[in-house]
Amino acid sequence: MLKEFIKEQHISIYKLAKLSNVPYSTLNDLVNYKLSVEHIRAGQLKSIADTLYIDLGTLYDMCVFKKSIYSKKYKISAKIE
């Protein structure tokens with residue numbers, strides 16, 4: 001979701017890295033789900049959130065890979081991380 005949000009803001013990962021002072025490799029891995037949000041320094045997350053004008057909770061939700069599933073048999077849906 002973070003990747004789509006960045007794209008909607010018409011900003012590249014490279015430019016976001018420069019503006020937020022977060023290493024490009026770290027940001028790229030975060031955006032592409034190669035690095036979990038729990039493994040990034042709080043200061044870096046704050047800097048990314050501030051640069052994108054969003055709060056930390058919103059950024060966290062965008063960085064956590066979630067998938068919705070539904071069972072027709074049991075008529076239940078859930079989101080998994």
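Predicted model: local features only at pLDDT ≥ 70, side-chain atom pairs only at ≥ 80, totals over all residues.
Residues are numbered from 1 along each chain as its sequence is written, and side-chain values use heavy atoms, with hydrogens and water left out.

**The overall layout**

Let's begin with the chain as a whole. The protein chain has five helices and two strands, and its pattern along the sequence reads α-α-α-α-α-β-β. Here helices (H or I, at least four residues) and strands (E, at least two) are DSSP runs, numbered from the N terminus. The protein chain has 81 residues, and 33% of them count as buried; buried means under 20% relative accessible area, exposed over 50%, and partly exposed in between, using a 1.4 Å probe and protein chains only. Take the contacts (heavy atoms within 4.5 Å) between residues at least 6 apart in sequence: 37% of these join residues at least 24 apart.

**The core**

Now for the inside. A nonpolar core is a set of buried Ala, Val, Leu, Ile, Met, Phe, Trp, Tyr and Cys residues joined through side-chain atoms within 4.5 Å. The largest one has 22 residues, and the members touching the most others are Leu 2, Leu 27, Leu 30, Ile 48 and Leu 59. Two or more residues come from each of α1 (2–8), α2 (13–20), α3 (24–31), α4 and α5 (56–63), and α4 gives the most, with four residues. Leave out residues up to four places away in sequence, and Leu 59 touches Leu 2, Leu 45, Ile 48, Ala 49 and Ile 54.

Helix α3 is worth a look too. Its buried residues are Thr 26, Leu 27, Asn 28, Leu 30 and Val 31, and they pack against α1, α2, α4 and α5. Just after α3 comes Tyr 33, with a positive phi of about 60°.

For the table, axes are lines fitted to C-alpha atoms, for helices over the stretch in contact, and angles run from 0 to 180 degrees between N-to-C directions.

| Pair | Angle | Axes apart |
|---|---|---|
| α2 and α4 | about 110° | 9 Å |
| α2 and α3 | about 125° | 9 Å |

Angles under 35 degrees count as roughly parallel, over 145 as roughly antiparallel, 65 to 115 as roughly perpendicular and the rest as oblique. That makes α2 and α4 roughly perpendicular to each other, while α2 and α3 are oblique.

A crossing is left-handed if the near helix is turned anticlockwise from the far one by less than a right angle, and right-handed if clockwise. The crossing of α2 and α4 is right-handed; Leu 16, Leu 19 and Ser 20 of α2 make the contact with Ser 47, Ile 48, Thr 51 and Leu 52 of α4. α2 also passes α3 in a right-handed crossing. There, Ile 13, Tyr 14, Leu 16 and Ala 17 in α2 meet Tyr 24, Leu 27, Asn 28 and Val 31 in α3.

**One salt bridge**

The structure holds one salt bridge, meaning a side-chain nitrogen of Lys or Arg within 4 Å of a carboxyl oxygen of Asp or Glu. The partners are Asp 50 and Lys 46, whose closest N and O atoms are 2.9 Å apart. Both sit in helix α4 (residues 42–52), and because they are four residues apart, about one helical turn separates them. Asp 50 is partly exposed, at 40% relative accessible area, and Lys 46 is partly exposed at 41%.
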